[in-house]
Amino acid sequence: MAEDVGICEINSDGEIIRLEKQFYGQGTIFKSWDAYKNRPSDPCYVPELSDTVYTAESFLQICNDQKDFADELFNSVDWQHPETLMEDWMRNNEWLECPKCGILVDYGDGSNDTVCPRCGTKVGDE
């Protein structure tokens, strides 16, 4: 497991009481792999230029409760909001949303899954 980057502490209302960001990847952020893996309701990520606090539960919610996708998204963010990175991946056809059941599919621009693993619907280019 990677070492945490920075510090983020919140009070019982979810308000930040202490935030120290450090440089990581492409920006200055807070990121805690320990909180992400072991304490799903604790802060695990705060992007650069923002005080938005994300938890492991946040990443799961963003990814339709699909843990593999939430894990990939958490591991990949290094300055931006996770929603922004996910939008980039969707726009670049790395991830798709199944048109029938709505789950995420790892399309990888056609080199990975081309059929939804849940409902069997073909995804991507026809």
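**An open antiparallel sheet in a predicted model**

Four strands build an open sheet, ordered β3-β4-β5-β6, and their pairing is antiparallel. Strands β3 (22-24) and β6 (54-55) are at the edges, and each has a single partner strand, so one side of each has no neighbour in the sheet. The model is predicted. The protein has 126 residues, and its secondary structure consists of four helices and eight strands.

**Strand pairing**
- Strand β5, residues 43-46, pairs with β6 over two bridges in the antiparallel sense.
- Pro43 has Thr55 as its bridge partner in β6.
- Because β6 (54-55) stands at an edge with a single partner strand, one of its sides is left without a neighbour in the sheet.

**Order of elements**
- Read from the N terminus, the elements follow the order β-β-β-β-α-β-β-α-α-α-β-β.

**Dimensions and burial**
- The C-alpha trace spans about 50 × 30 × 25 Å along its principal axes.
- Of the 126 residues, 37% count as buried.
- Where contacts link residues at least 6 apart in sequence, 35% of them join residues at least 24 apart.

**Surface and charge**
- The protein has an accessible surface of about 7100 Å², and carbon and sulfur atoms account for 43% of it.
- There are 10 positive and 26 negative charges in the protein.
- The mean position of the positive charges and that of the negative charges lie 4 Å apart.

Key: Residues are numbered from 1 along each chain as its sequence is written. This is a predicted model: local features need pLDDT of at least 70, side-chain atom pairs count only at pLDDT 80 or more; totals for chains, interfaces and linings use all residues. Side-chain values use heavy atoms; hydrogens and water are left out. Buried means under 20% relative accessible area, exposed over 50%, partly exposed in between (1.4 Å probe, protein chains only). Contact means heavy atoms within 4.5 Å. Accessible areas come from the Shrake-Rupley method with a 1.4 Å probe; for residues, only the protein chains shown count as cover. Lys and Arg count as positive and Asp and Glu as negative; His and the chain ends are not counted. The place of a charge is taken as NZ of Lys, CZ of Arg, CG of Asp or CD of Glu. Two strands pair if DSSP finds at least two bridges between them.
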